[in-house]
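User: I have a chain open here and would like to talk through a few of its features with you. Could we take them one at a time?

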Amino acid sequence: MAVKGLKTKDKHIHSLAKLTGGPSNILYHKEDLIAYDCDGFTIHKHLPKAVVFPKNTEEVAALVKYCSENQLPFLARGAGTGLSGGAIPINGEIIISLVKMKKLISIDLENRRAVVEPGFVNLKLTNSIADKGYYYAPDPSSQYCCTIGGNVAENAGGAHCLKYGVTTNHILGLEVVLPGGEIIEIGKNGIPDSPGYDLLGLITGSEGTLGIVTKITVRILKNPESKQTVLAYFDSVSDGSGAVSDIISAGIVPAALEMMDKTAIEGVEAAAFPVGHPKDIEAVLLIEVDGISAGIDEQITQILEVCTKWNVREVKAAESEAERARWWANRKTGFGAMGAISPDYLVQDGVIPRSRLPEVLEKINQISNESGLRIANIFHAGDGNLHPLVLFDSRIPGQTEAALKAGSACLQVCAEVGGTITGEHGVGIEKREEMRFVFTDEEILAQTKVREVFNPDNLLNAGKLFPSPGRCAEVKKEMKAAGL
């Protein structure tokens, strides 16, 4: 049946519009679809067939069932802030946008949990419960606009995951629409450690390849009694890295332990939230401790002693909440701040053992020199989650390809020292081939077989996360021959 107001003869567009309540809930003209041709990974762009905006779980299920029955590829999308291409419609998919499903359904302070829809913005949850003395711990840098549904898909982290963990550590239950349109509930009533397979852990971080999350039960935490934040400046990245390892070795577990190198500092100081970092400094640490008031001063004293041992030039504590907020705004806008010093950038997301920080950062510097491209480093130093930002100009022939090659080389280094290729941004299409750095053909095949159980027709977000099995042994041999 045709839907009035749609200027197309495509029967699928009419059927999808009908399932979501009419023409106001679907986009299908090219000029409207351009906004959905990529996510935060902008190097690759592909237009979807259409974008639909369901308002509830039942509409999502109806859309998924229709796509499944008509063999139409489809994927879910949140705010589009993902950095690995997980929401790019490489197969001309129907995009099921969840931005209209943005309710805070319930808050249960007694049991410290809340229930939200997938389009609910991360920071809004903390803002909604802050006056009651609670907060939501996962804090990606994009938390002011990213959605909790997207955080579940990517198993997002953030600056404070060193102490509090990533998204999966705060998920108590999920409502999920499977690729055939069935609705299931995992972790009913938010009760932890349910019997059976850990489906919560499987769905969280599956990058939208196993199902579409339509309701999320999350753990909320009581605000810490006290909190202090320290800035420490170092004349070498090596000294700053040494301080990171020694702080953790001293038995201190900061809420956050972040590092920026000289190029990153140049970017954040040229952007929206400058705080006056010295222009000639090589590294800055941003260290935050929280907990019971009685122990905070002792931890700060220990941190100062460690920094002094590693030749700190200057170290200072925030004198007010406003100053602390400025420091964090400066750090959290770090990725976007690269636009102040470079037309384009590619951000990577490798993880390494903390003890290998000086070695790996030196190798990244070598990759920068060999590629002729500047690489800024902004990262979660406390848990070894590196974010090399490769700066380039896509208008110059060959620079995009050079940036991709340099980014892959950075991940090779991470894998070679016993790390991995992503800590929080996901694999998407960006790092599919780099999965061969850390998995064998057999391990990749085993994981794709799990996907086939949920997504047998491979209509949901196909072509993401895994390469086709094969060549893993050859890639590792090539890495060894190259001295990586």
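This is a predicted model: local features need pLDDT of at least 70, side-chain atom pairs count only at pLDDT 80 or more; totals for chains, interfaces and linings use all residues.

User: How is the chain divided into domains?
Analyst: The assignment gives domain 1 (9–95), domain 2 (102–220), domain 3 (223–340), domain 4 (342–437) and domain 5 (439–480).

User: What separates the centres of domain 1 and domain 5, and how much area do they bury between them?
Analyst: Their centres, taken over C-alpha atoms, are 25 Å apart, and the contact draws on 14 residues from domain 1 and seven residues from domain 5. Domain 1 and domain 5 bury about 710 Å² between them, with 53% of that on carbon and sulfur atoms.

User: Switching to helix H15, which of its residues are buried?
Analyst: In H15, which covers residues 441–454, the buried residues are Ile444, Thr448, Arg451 and Phe454. Seen down the helix axis they fall within an arc of 100°, so they line one face of H15, while the face turned away from that buried side carries the exposed residues Glu442 and Val453.

User: And His170, where is that, and is it buried or exposed?
Analyst: His170 sits in the loop between helix H6 (161–164) and strand E8 (171–177), and His170 counts as buried because its relative accessible area is 3%, under the 20% cut-off. Leaving out residues up to four places away in sequence, His170 touches several residues, including Tyr136, Pro138, Tyr164 and Arg219.

How values were computed
Residues are numbered from 1 along each chain as its sequence is written. Side-chain values use heavy atoms; hydrogens and water are left out. Helices (H or I, at least four residues) and strands (E, at least two) are DSSP runs, numbered from the N terminus. Buried means under 20% relative accessible area, exposed over 50%, partly exposed in between (1.4 Å probe, protein chains only). Contact means heavy atoms within 4.5 Å. The expected span of a helix is 1.5 Å times one less than its number of residues. The arc is that of the directions from the helix axis to the C-beta atoms. Domain bounds come from an automatic or database domain assignment. Buried area is the accessible area (1.4 Å probe) that two parts lose on being put together, summed over both.
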